[in-house]
Amino acid sequence: MAVRTKEDKKRLLKLLVYEKVNGKPIYYRGYREVLAGRLPPEAVMGSSGIQSYIIVLLLEYLLKTLDKSKYILLGHELGFIYKKGSWRNLDIAIFEREKVEPYLTQDRFVPVAPKVAIEVDTKADLSRYGSVEDYSYEKSQDLLDAGVERVIWIFTKPKKVMIAQKGQKWIVQNWDEEFELIEGLRINLAELLSGVK
């Protein structure tokens, strides 16, 4: 279905905003195809199979091992407002329970920083960035500046994990190497994917 009116385009553009940085939208990758009527919005908003599978495996692991008296686990493209006119989607976020509990019954984005943010690839349109690395570095720095202690990126095509922590050297490693999700919880992504307990 082709976009025929200015109102259609305006409605679709609003729907296709993936994140917002300093008041400027970052759209879903493929949004131009939707505006041209060649794809439905759902075609660009969905996750890949591997992205979804990794997120589910990580959620299962964290739900079994995370200290629920201290932490709350949120996910599913959680909206996190980190400053006026700026918000980011988070695949998985580990919050300190006492900080996030007041916001869990509200129908709005969360305005407090998680302790850990975990991202698996991205659905963002990267046309204003030089590469996926430029986008992931900017998003990681924004999150760290907002108070997130650790940002973990899992990149499926190169099978790499990037760990960014404020005031520390950022690390990029293979996903068959163990890394820390949160203090005391370490994981080997290749083993998790292969079903090794």
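# Reading a Predicted Fold

Biologist: Of the 37 residues in the largest nonpolar core, which touch the most other members?

Modeller: In soluble globular proteins, nonpolar side chains tend to be buried together. In this structure, L16, F95 and Y135 touch the most other members of the 37-residue core. A nonpolar core is a set of buried Ala, Val, Leu, Ile, Met, Phe, Trp, Tyr and Cys residues joined through side-chain atoms within 4.5 Å. Buried means under 20% relative accessible area, exposed means over 50%, and partly exposed lies in between (1.4 Å probe, protein chains only). Please note that this is a predicted model, in which local features need pLDDT of at least 70 and side-chain atom pairs count only at pLDDT 80 or more, while totals for chains, interfaces and linings use all residues. Residues are numbered from 1 along each chain as its sequence is written, and side-chain values use heavy atoms, with hydrogens and water left out.

Biologist: Which elements give two or more residues to this core?

Modeller: The strands among them are β1 (17-21), β2 (24-27), β3 (71-83), β4 (86-96), β6 (150-155) and β7 (160-165), and the helices are α2 (31-35) and α6 (132-145). Helices (H or I, at least four residues) and strands (E, at least two) are DSSP runs, numbered from the N terminus. The most is given by β3, with five residues. Another core, of 26 residues, lies apart from this one and includes I92, W175, I182 and I187.

Biologist: With which residues is L16 in contact, leaving aside its neighbours within four places in sequence?

Modeller: Contact means heavy atoms within 4.5 Å. With those neighbours set aside, L16 is in contact with I26, Y27, Y28, Y31, V34, L35, P41 and V44.

Biologist: How many aromatic pairs does a search of the whole structure find?

Modeller: A pair of aromatic rings is described by the distance of the centres and the angle of the planes. Rings of Phe, Tyr and Trp (its six-membered ring) pair if their centres lie within 6.5 Å; planes under 30 degrees apart count as stacked, over 60 as edge-to-face and the rest as tilted. The search finds eight pairs. In one of them, Y27 and Y31 are stacked, at 4.5 Å centre to centre with 25 degrees between the planes. Y27 counts as buried at 18% relative accessibility, and Y31 counts as buried at 10%. The pair of W153 and F155 is also stacked, because the ring centres are 5.6 Å apart and the planes stand at 5 degrees. W153 is buried at 0%, and F155 is buried at 12%. Ring pairs link Y129, Y135, W153 and F155 into a cluster.

Biologist: Is E119 buried or exposed?

Modeller: E119, in strand β5 (residues 116-120), is buried, with a relative accessible area of 0%. The side chain of E119 makes a polar contact with the side chain of K139 at 3.0 Å. A polar contact is a pair of N or O atoms within 3.5 Å; within protein, one must be able to donate a hydrogen and the other to accept it, and residues adjacent in sequence count only if both atoms are side-chain atoms. A polar atom of the E119 side chain also lies 3.0 Å from the backbone nitrogen of D91.

Biologist: What does the side chain of E19 reach at 3.0 Å?

Modeller: E19 lies in strand β1 and counts as buried at 0% relative accessibility. The side chain of E19 reaches the backbone nitrogen of N89 at that distance.

Biologist: Which residues carry a positive phi of about 55 degrees although they are not glycine?

Modeller: Most residues other than glycine have a negative phi, and most peptide bonds are trans. Here E77 has a positive phi of about 55 degrees, and so does D121. E77 is found in strand β3, whereas D121 lies in the loop between β5 and α6. At 16% relative accessibility, D121 counts as buried.

Biologist: Which residues are the closest to the centre of the largest pocket?

Modeller: Rolling a probe the size of a water molecule over the atoms shows where empty space is left. On a 1 Å grid over the protein atoms alone, a pocket is an open set of points where a 1.4 Å probe fits, with protein on both sides within 12 Å along at least five of seven lines; lining residues have an atom within 4 Å of a point. Grid points are joined across faces, edges and corners, and a volume is the space filled by probe spheres set on the points. The largest pocket has a volume of about 430 Å³. Of its 21 lining residues, D121, V132, F155, T156 and P158 are the closest to the centre. The most is given to this lining by α6, with four residues.
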